[in-house]
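Visitor: Hey, can you walk me through this one? I'd like to start with the charged pairs.

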Amino acid sequence: FGAPYLTAHRADLHRILREPIPDACIHLAKHCTGAASANGAAMASFADGSEIEADLIVGADGIRSAIREQLFGADQPRFTNSICWRALVPIEHVPSRVGPGGSVAIEPSDYFAWYGPNGQVICYPIGDGSMLNIFAGRISREWTEESWSLPSSRQELLEAYAGWNEALLGIFSKVEQCFKWGIFDRDPRTEW
C-alpha cells in the first residue's frame, strides 16, 4: 500500500534494547511466575524465589503468559490449523528473477513473498543483509507444538511446498537448518 517495510534481526533488536541498560538490571534465564503492585511500585516474582521491583512490569511473556493467567485465570490458546517453518539461507541463493520466463525481478535487499491457496512464504534480509529470513506458513490439521525450537528438516519443508514455484523451492533446497511450530491464538481481551 505504499508504506515502507522495516525488518530487523531479533538479535539486533535485543542488542539495541539492552545496550543502554546496566548489566545488573538484566536478568536472563528467569521464569516469571507472577506480578503485583504495591506502594506505587511493581514487582515480578520468579520460579527461583527471587523478585524484582520496577516502575512498570510489562506482561509480554508469550501466548502462555503467567501474568495473563494470574490476572484472568487459566485457559488454553487454540490451534489455528496453521504451522510455520522458520529458516535462514545465505542471500546469494536468492535468484534475481522468477516467474514464467523470468518475468518478475527480485531484489534480495527487499521483502518478497509467495502466496498460495494453502499457505504463504515471506522472505526478507536480516542483520547486515547477508542472510535471508524465511517464514513459511501453511494450513495444516497436524498438531505441532507451540515452540520456536522444534527441529524440522529441509526435506519436510520441500515436501510441504511440493508444486510451488521452482525459484522458491530452489531457495528451500539451500536450507541447512529449520524449525517449525504450530501457530496458536487467543481471542483479545478488552481488559488487557
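This is a predicted model: local features need pLDDT of at least 70, side-chain atom pairs count only at pLDDT 80 or more; totals for chains, interfaces and linings use all residues.

Visitor: Okay, so which residue does Glu156 form a salt bridge with?

Guide: Its partner is Lys180, and the closest N and O atoms are 2.6 Å apart. The two sit in distant parts of the chain, 24 residues apart, with Glu156 in helix 3 and Lys180 in strand 11. Helices (H or I, at least four residues) and strands (E, at least two) are DSSP runs, numbered from the N terminus.

Visitor: Is Lys180 buried or exposed?

Guide: Lys180 is buried, at 7% relative accessible area. Glu156, at 25%, counts as partly exposed. The cut-offs: buried means under 20% relative accessible area, exposed means over 50%, and partly exposed is in between (1.4 Å probe, protein chains only).

Visitor: Why would such side chains pair at all?

Guide: Side chains of opposite charge can pair when their charged atoms come close.

Visitor: How many salt bridges are there in the whole structure?

Guide: A search turns up 10. One of them joins Asp187 to Arg78, with 3.3 Å between the closest N and O atoms. That pair spans 109 residues, from the segment after strand 11 (178-185), where Asp187 is, to strand 4 (residues 78-90), where Arg78 is. Asp187 is exposed at 52%, and Arg78 is partly exposed at 40%.

Visitor: Which residue does Glu176 pair with?

Guide: Glu176 forms a salt bridge with Arg154, the closest N and O atoms being 3.5 Å apart. Glu176 lies in the loop between helix 4 (166-172) and strand 11, and Arg154 is in helix 3 (residues 154-160), 22 residues away. Glu176 is exposed at 70%, whereas Arg154 is partly exposed at 34%.

Visitor: New topic! How do strand 1 and strand 2 run?

Guide: They run antiparallel, and 6 bridges join strand 1 (residues 32-38) to strand 2 (residues 41-46). For a pairing, DSSP has to find at least two bridges between the strands. Cys32 stands opposite Phe46 in strand 2. The hairpin has 2 residues between its strands, and Asn39 takes a positive phi near 55 degrees there.

Visitor: And what makes the nonpolar surface patch?

Guide: Tyr5, Tyr111 and Tyr115 make it, and the area is about 370 Å². Patches use residues with over 30% relative accessible area and no salt bridge, where like charges are joined within 9 Å and nonpolar side chains (Val, Leu, Ile, Met, Phe, Trp, Tyr) within 5 Å. Areas come from the Shrake-Rupley method with a 1.4 Å probe, and for residues only the protein chains shown count as cover. Tyr111 is in the loop between strand 6 (104-105) and strand 7 (112-116), and at 31% Tyr111 is partly exposed.

Visitor: Last one: what does the secondary structure of the whole chain come to?

Guide: It comes to 4 helices and 11 strands. The C-alpha atoms fill a box of roughly 70 × 40 × 35 Å along the principal axes. Of the 192 residues, 30% count as buried.

Terms used:
Residues are numbered from 1 along each chain as its sequence is written. Side-chain values use heavy atoms; hydrogens and water are left out. A salt bridge is a side-chain nitrogen of Lys or Arg within 4 Å of a carboxyl oxygen of Asp or Glu.
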